[in-house]
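Here is a short briefing on one structure. Start with the sequence and the model, then read the notes by topic.

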Amino acid sequence: MFLTFAPPTAFRTSLFARFRPAADCRRSPRHAVRASACESPTDHFREECGVVGVWRHPEASAVAYYALHALQHRGQEGAGIVSATDDTLHEHKGLGLVSEVFENALHLIPGDAAIAHNRYSTAGEKNVRNVQPFRASFREGQVAIAHNGNLTNAQKLRMELELRGSIFATSSDTEVVLHLMATSVSSSAGIERKAADALNRVEGAFSIILLTTNRLIAVRDPYGFRPLVMGELALEGRPPALVFASESCALDIVSARMTREIEPGEMVVVDRDGHVSNWFPFPSVRRRACVFEHIYFSKPSSIVFGRSVYMSRFRFGQLLATSCPLPEADAVVPVPESGVPAALGYASASGIQFQQAIIRSHYVGRTFIQPTQTARDIGVKLKLAPVEALIRGKSVVVVDDSIVRGTTSRKIVRMLREAGARQVHIRIACPPITGGCFYGVDTPDKEKLLSYRMSDEEACRFIEADSLAFLPLNAMHEFLGDEAPTFCDACFSGEYPVLPAVVDEKIGGLV
Ligand SMILES: O=P(O)(O)OC[C@H]1O[C@H](OP(=O)(O)OP(=O)(O)O)[C@H](O)[C@@H]1O
Ligand SMILES: NC(=O)CC[C@H](N)C(=O)O
Ligand code: SF4
Ligand SMILES: [Mg+2]
């Protein structure tokens, strides 16, 4: 018997589809906006998580390791691999980057099947207990789970489960799924049925890979918030291995050929004989794929939701140039790393020369941590350095993919002025972010989002730019075309497809 899944009604606050002209700081005297509340440089829209599954490969954990490497941009807090031999699951996981966690450890995870996870927490503490995959034992055997997304009713379900006697080992939302599977009403049914029962009770976002000693299951929530693809890896003299991953770049790195996406609401099951079956165990709803995957999260080389991430960013940049032109600028300068394709698009549409006038250090991570006061004072210079020869005396248009707190933009403007820029104009290749995310992106509190706190003009003064403009939401919709209604853009539009059952201080948070 199935428990009913009741998709919450669409939630609408306000629409931000209006055209927002460039805010020009030169139009009004600069006034001091309190900076201290926005100074923490670690609180960006962070990455989410990456998941991988490998089936029927003699070196499954090595394949999973390289695939995880390709997904490192999706989470840098911790990583883990669980592998399967005939009768048991093996695990290795830890805090840190993939290369650090698995140094000389692959021999600990033998077998021809594996699942893997890169974590950036959305719920639960940043400690090793919460690093996935989680492994558990059922009456029927062992199971492991790797989850990208955030379950919006996890706290409520956990409270119910605890009242019925469940004891949790972690503070992660994901563990709820294992408990729901263990207490599934389909007590005698196979693991896929238990998983379907459990996932019919959760709400929110999940791209999940499950592993037992004789099955691998890949499943996506019915809204399809987070991506999940599958592919085949040719092997000499034997059937191809199957590889599942959050993004196609993880298949590319191991030379697997992407065959298709896992559809929203689809569950794909592979068994020991290599038999692949699929079904759709959830009531269907309109897809709401995360548009931010295309703006910032995913790797530009990936195909996500059937579209090239690079081409989306390039096109956002072109549309930005059309909607917020700056014909008098001398150079278009990208904010590395993720601002580069949009800046190339801006340059191509405007005819203004593209100049890599900000150089990124290879030795600082994507969302860099600044552990000491000295490092904090050095700020963005730790990661980005100006090329004075390209900047002095020039009017530059600086293109970035997004503004979250405004920390990066503000520091870049100061840095470019110090390097002699005559004017610094900031152009952002997405609409203003005015709300947090409930669906798997670690978001700062709404009150810390620059565009929630301030109008465009105030924001322009805060970052101390000569002008500031964002890609209008309607331009983004225009680019998405007929598919626009099938994308989630809630952090811009306020139209949340699913509301959290319990809202904690940290969105969707289990503390
Ligand atoms: O307004 P803020 O709070 O400063 O956050 C926005 C910045 O954060 C992201 O870059 P990040 O440094 O995370 O990574 P990247 O190197 O991949 O661009 C994003 O690309 C913006 O540059
Ligand atoms: N960002 C994610 O997808 C995180 C997965 C899970 N919610 C966790 O916090 O570990
Ligand atoms: S709220 Fe924003 S980040 Fe979250 S799923 Fe929707 S578009 Fe993506
Ligand atoms: Mg950036």
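Ser338 touches Tyr296 and Asp401, once residues up to four places away in sequence are set aside. Contact here means that two C-beta atoms, placed from the backbone, lie within 7 Å. The model is predicted: local features need pLDDT of at least 70, side-chain atom pairs count only at pLDDT 80 or more, and totals for chains, interfaces and linings use all residues. Residues are numbered from 1 along each chain as its sequence is written, while chains are lettered from A and ligands numbered from 1 in the order in which they are written.

**Annotated binding site**

- The UniProt annotation "binding site", from an unreviewed entry, covers Ser338, Asp400 and Asp401. These residues span 64 residues in sequence, yet no two of their C-alpha atoms are more than 7.2 Å apart, so they gather at one spot.
- UniProt positions follow the numbering used here, feature names are shortened, and annotations may be inferred rather than shown by experiment.
- Ser338 sits in the loop between strand S18 (331-334) and helix H9 (340-350). Helices (H or I, at least four residues) and strands (E, at least two) are DSSP runs, numbered from the N terminus.
- Ser338 is buried, with 22 other C-beta atoms within 10 Å. A residue is buried if 20 or more other C-beta atoms, placed from the backbone, lie within 10 Å of its own, exposed if 12 or fewer, and partly exposed in between.
- Asp400 belongs to strand S21 (residues 395-400). Asp400 is buried too, with 23 other C-beta atoms within 10 Å.
- Beyond four places in sequence, Asp400 is in contact with Val335, Gly339, Thr408, Ser409 and Ile428.

**Ligand surroundings**

- Ligand 1 is surrounded by 18 residues, and Ser338, Val404, Arg405, Thr407 and Thr408 are the closest. A residue counts as near if its C-beta atom, placed from the backbone, lies within 6 Å of the molecule.
- Helix H12 (residues 407-418) gives the most to the shell around ligand 1, with three residues.
- By class, the shell around ligand 1 has four nonpolar, nine polar and five charged residues. Ala, Val, Leu, Ile, Met, Phe, Trp, Tyr, Cys and Pro count as nonpolar, Asp, Glu, Lys and Arg as charged, and the others, Gly among them, as polar.
- The residues around ligand 3 include Cys290, Cys437, Cys488, Asp489 and Cys491. Its shell has 10 nonpolar residues, no polar ones and one charged.

**Annotated active site**

- The UniProt annotation "active site", again from an unreviewed entry, covers Cys49.
- Cys49 lies in the loop between strand S1 (23-24) and strand S2 (50-55). With 29 C-beta neighbours inside 10 Å, Cys49 counts as buried.
- Outside four places in sequence, the contacts of Cys49 include Arg74, His117, Arg119 and Asn148.

**Domains**

- An automatic or database assignment sets the domain bounds. The chain has domain 1 (23-44 + 307-493) and domain 2 (50-285).
- Eight residues from domain 1 and 13 residues from domain 2 make the contact.
- The C-alpha centres of domain 1 and domain 2 lie 34 Å apart.

**Helix H5 and a strand pair**

- Helix H5 (residues 191-201) has eight of its 11 residues buried, so it is largely enclosed by the rest of the structure.
- The buried residues of H5 pack against elements including strand S7 (141-148) and helix H4 (175-182).
- Strand S3 (residues 78-84) and strand S4 (residues 89-95) pair in the antiparallel sense over seven bridges. Pairing takes at least two DSSP bridges between the strands.
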